[in-house]
Amino acid sequence: MADGAPATFLLLLPPPSTVSVSALKAAYGETLSEVLKEVASATQETVRPAVLDIALAIPHLVGKDTEPRASLYDRTQTIIAAVYKLVCVLATADNINIEDSDGVDARIIPIAWSPDATSTANSPFGPVVDLVTLAGSGRQWQYAFGVETDAGEAFVRAFVAAKQHASHGHHKHSNVEKSTEGSASKYAESSSAHKKHHHTAVGGTFDHLHLGHKLLLTMTAFALDDSNGIITLGITGDELLKNKKHAEYLESWSQRQSSTYQFLSDIMDFNVPDSRSPVVEEVKNDGPNGHVVTVRYGNALEFRFVEIVDPFGPTITDESITNLVLSGETRSGGKAINEKRAEKGWSELQVFEVDVLDPTSDATATEISDQSSYKDKLSSSAIRTRLAEKKASPTA
């Protein structure tokens with residue numbers, strides 16, 4: 001594409017009947033493999049990686065707009081993690097780059113859809129949307145793919161109908177205004193085990209954004225109950241990373257903040273094109289957590305990107321944060337944060353975990369012939385190593 005903009009593709013995946021990588025491979029594998037190859041070929045023609053939006057139908061999300069996300073989290077996370085694993089399995093088998101600017105930028109968009117029920121959207125913000133919201137968002141896909149099964153064809157037909165519905169002006173979102181009146185009672189309705197959250201947090205380095213990062217960010221967004229809420233993202237400062245392997249290929253804090261924001265925007269902002277653009281503000285104050293980039297959508301959804309210089313970040317300086325999303329590998333960090341909050345007399349954060357996409361954690365290993373290459377697609381240090389090798393041998 002002449003303007004350097006990424007080519008964008010859409011893949012519609014019908015509801016999975018069984019959530020395991022082997023079952024998903026049997027249901028989606030052939031289609032997804034061919035689509036990844038098609039998108040990879042488009043990347044060669046653009047400066048930025050071609051984008052593959054994977055619209056994944058998840059029936060248990062239909063009609064659950066008012067339920068606490070905590071009650072839906074585990075089941076949803078398991079499905080999304082399994083599909084991301086499948087993407088990595090197939091990309092490994094076909095030697096498809098999904099790791100850097102020469103590869104495919106794949107992301108999963110959870111769709112509240114079932115062949116037996118419909119979902120009515122009340123917000124232009126994801127990460128969970130219905131088909132009409134997706135179809136009416138104004139996103140321009142170069143091509144849309146479906147799975148050639150009865151379930152796949154039913155999902156495609158539903159999407160086409162949603163496009164027609166949206167094109168006739170029956171569905172149009174504008175930025176949702178924040179309403180403080182009634183919000184307190186809304187949060188008070190939930191039980192302590194499944195309370196609602198309007199300020200969620202996550203932390204990480206987020207260098208060379210890969211599928212593991214995308215799962216973590218998607219589920220952080222999912223854990224936020226309120227489209228008028230706040231997501232705080234602690235991103236490790238450059239100074240703490242200078243001794244990392246191949247540090248010269250580390251992305252700067254600004255680059256990592258930008259790519260993290262772009263991904264979140266792509267999975268969360270489904271406003272129609274003529275809606276107001278978000279407002280971006282950056283402050284650089286002295287002291288911990290003083291460097292913050294804030295993105296506000298009207299008076300609604302807000303992202304806060306904070307440069308962190310310690311393992312805790314804003315989770316121990318901002319009492320309004322109520323939950324934390326992390327991977328099983330960093331579980332001890334969540335425990336340490338709650339200990340610090342307890343010392344201050346603050347409520348503990350509810351901690352949600354995402355799966356580690358390691359193939360040895362389940363039967364995924366049986367689907368992979370080259371586990372080393374699989375793991376390299378999920379490691380920022382491995383990605384930096386490969387970039388260093390490419391620079392040393394540019395013709396390789």
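User: What share of the contacts in the protein chain with a separation of 6 or more comes from residues 24 or more positions apart?

Analyst: That share is 76%, where a contact means heavy atoms within 4.5 Å. Before we go on: this is a predicted model, where local features need pLDDT of at least 70, side-chain atom pairs count only at pLDDT 80 or more, and totals for chains, interfaces and linings use all residues. Residues are numbered from 1 along each chain as its sequence is written, and side-chain values use heavy atoms, with hydrogens and water left out.

User: Why is α2 called roughly antiparallel to α6?

Analyst: The axes of helix α2 (residues 69–93) and helix α6 (residues 211–222) cross at roughly 160° and come within 10 Å. Roughly antiparallel means an angle over 145 degrees, so α2 and α6 get that label. By class, their contact has twelve nonpolar, three polar and two charged residues.

User: What makes Phe-206 buried?

Analyst: Its relative accessible area is 1%, and buried means under 20% (exposed is over 50%, partly exposed in between, with a 1.4 Å probe and protein chains only). So Phe-206 counts as buried. Phe-206 sits in the loop between β5 (199–204) and α6.

User: And why is His-246 called partly exposed?

Analyst: Because His-246 has a relative accessible area of 24%, it is partly exposed. You'll find His-246 in the loop between β6 (230–236) and α7 (253–268).

How values were computed: Axes are lines fitted to C-alpha atoms, for helices over the stretch in contact, and angles run from 0 to 180 degrees between N-to-C directions. Helices (H or I, at least four residues) and strands (E, at least two) are DSSP runs, numbered from the N terminus. Angles under 35 degrees count as roughly parallel, over 145 as roughly antiparallel, 65 to 115 as roughly perpendicular and the rest as oblique. Ala, Val, Leu, Ile, Met, Phe, Trp, Tyr, Cys and Pro count as nonpolar, Asp, Glu, Lys and Arg as charged, and the others, Gly among them, as polar.
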